[in-house]
Amino acid sequence: MGQGIATLSGFLRENIRWLLAGFLLTFASSFGQTFFIAVFAGEIRAEFGLSHGAWGSLYAAATMSSAAVMVFAGGLTDRFRVRHIGVVILFLMACAALTMSQVSALWGLAITLFLLRLFGQGLLGHMAMVGMARWFVATRGRAVSIASLGVATGEALLPISFVLLLGAFDWRMLWVIGAMALMLLAPVIYGLLQRERTPQSFASDAGTLGMEGRNWTRPQVARHWLFWAMIPAMMGPAAWGTAFFFHQVHLAEAKGWAHLSLVSVFPVYTATSIVFMVFAGWLVDRFGCATLARFYLLPCALGFAILGVSDTLLIASAGIVMMGMTGGMNATMSSTLWAEYFGTRNLGSIRAMATAIMVLGTGIGPSVSGLLIDAGLDFGEQSLMIAAYFAVAATLAGIATHKARRLLPPRAAQAASAR
């Protein structure tokens, strides 16, 4: 164990500037993530006179539109260095946050949500994960898991901090604070990435190979059965995890809990997510993605089942912790799977397609849940159906990745076993 800690310590020392850049980019994405936007759900619905279903549908429309654009915009990471495009996207994200502080019309709210979702939920995290997958090979899983700690940190700190600040500041002023934080991060990211890591710092490099010993293109991936088999697994955590955070105010009201009490559990969720994110990184480096795919969705299935039947926040917390287990493993899985099975030369455009599907899920989940809430089925009651969805998706993902593993080239297969 001591040797493992020493190895990790050496890895961090040698690669701190790139890992920190990835961490900060994923942290910046928090301001466009549902767990942050949902903090202001009550204020936004009251300001614009929206029901749960109308608010969810508006959010879904903005998110789905950002997913469509993400398919094309995500490919920019195959053409431009992260330090250049990252600073531009941070600036645009700051502008979107500032716009949120001033928006007064419903159409303006829709556009602002679209921009927050595209730049935050979509591009900032996408750039960080593409960078990690290209810059690291044998330690790709660890690099991805460490960089993903940024959004986990945001998930732990930002909701509870801004719920507390809502008691002292107008909700619009808090978006100004968010915009200022994003602007401050831009020069830091640029400075950290003055020198991008070799051997695969740019898209012109050959990269590591995927199945059948080649680098796949996006059209080829879109026609492959593995991609379609993984869609339920890709969409599950995005759709229903997002729905959970999005309807947190409603869930607290339906269960009879104080909103602040519910968000106080989120740091525990995040701590669990971090532990299993790091565990998943080690597991992928050691054995490959197929091993992780067999079980990473199952804790979420059990977690939603517990949430559905729980009457007290203490019992529900156990389910939320299990959801955090899947959340952490999914962050690693969704960023390493495409590099391992399809190669890294066209990773930006391939992952953009996969990210667009996940972003689409983040729109579908809150919308469907919101409409069911309006129809009289509260989110706690919906959780049992969500648990069944995860059980089916887990089975499909495990079978598909195990079968596809046989198509990996000998060198990749040996590396997966030796990691």
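## Core and cavities

Leaving aside residues up to four places away in sequence, F304 touches W240, G241, F244, M323, F379, S383, L384, I386, A387 and F390, where contact means heavy atoms within 4.5 Å. This is a predicted model, in which local features need pLDDT of at least 70 and side-chain atom pairs count only at pLDDT 80 or more, while totals for chains, interfaces and linings use all residues. Residues are numbered from 1 along each chain as its sequence is written, and side-chain values use heavy atoms, with hydrogens and water left out.

F304 is also among the residues with the most contacts inside the largest nonpolar core, which has 134 residues. Such a core is a set of buried Ala, Val, Leu, Ile, Met, Phe, Trp, Tyr and Cys residues joined through side-chain atoms within 4.5 Å; buried means under 20% relative accessible area (1.4 Å probe, protein chains only). Helix α6 (residues 106-135) gives the largest share of this core, 13 residues. Helices here are DSSP runs (H or I, at least four residues), numbered from the N terminus.

Helix α7 (residues 140-147) has seven of its eight residues buried, so it is largely enclosed by the rest of the structure.

A cavity is a set of points on a 1 Å grid over the protein atoms alone where a 1.4 Å probe fits but cannot get out; lining residues have an atom within 4 Å of a point. Of its 38 lining residues, Q33, Q121, V151, N330 and A331 lie nearest its centre.

| Class in the lining of the largest cavity | Residues |
|---|---|
| Nonpolar (Ala, Val, Leu, Ile, Met, Phe, Trp, Tyr, Cys, Pro) | 14 residues |
| Polar (the others, Gly among them) | 21 residues |

How values were computed. Buried < 20%, exposed > 50% of the residue type's maximum accessible area, 1.4 Å probe, protein only. Helix = DSSP H or I, 4+ residues; strand = E, 2+ residues; numbered from the N terminus. 1 Å grid on protein atoms, 1.4 Å probe; cavity = no way out; pocket = protein on both sides within 12 Å on 5 of 7 lines; lining within 4 Å.
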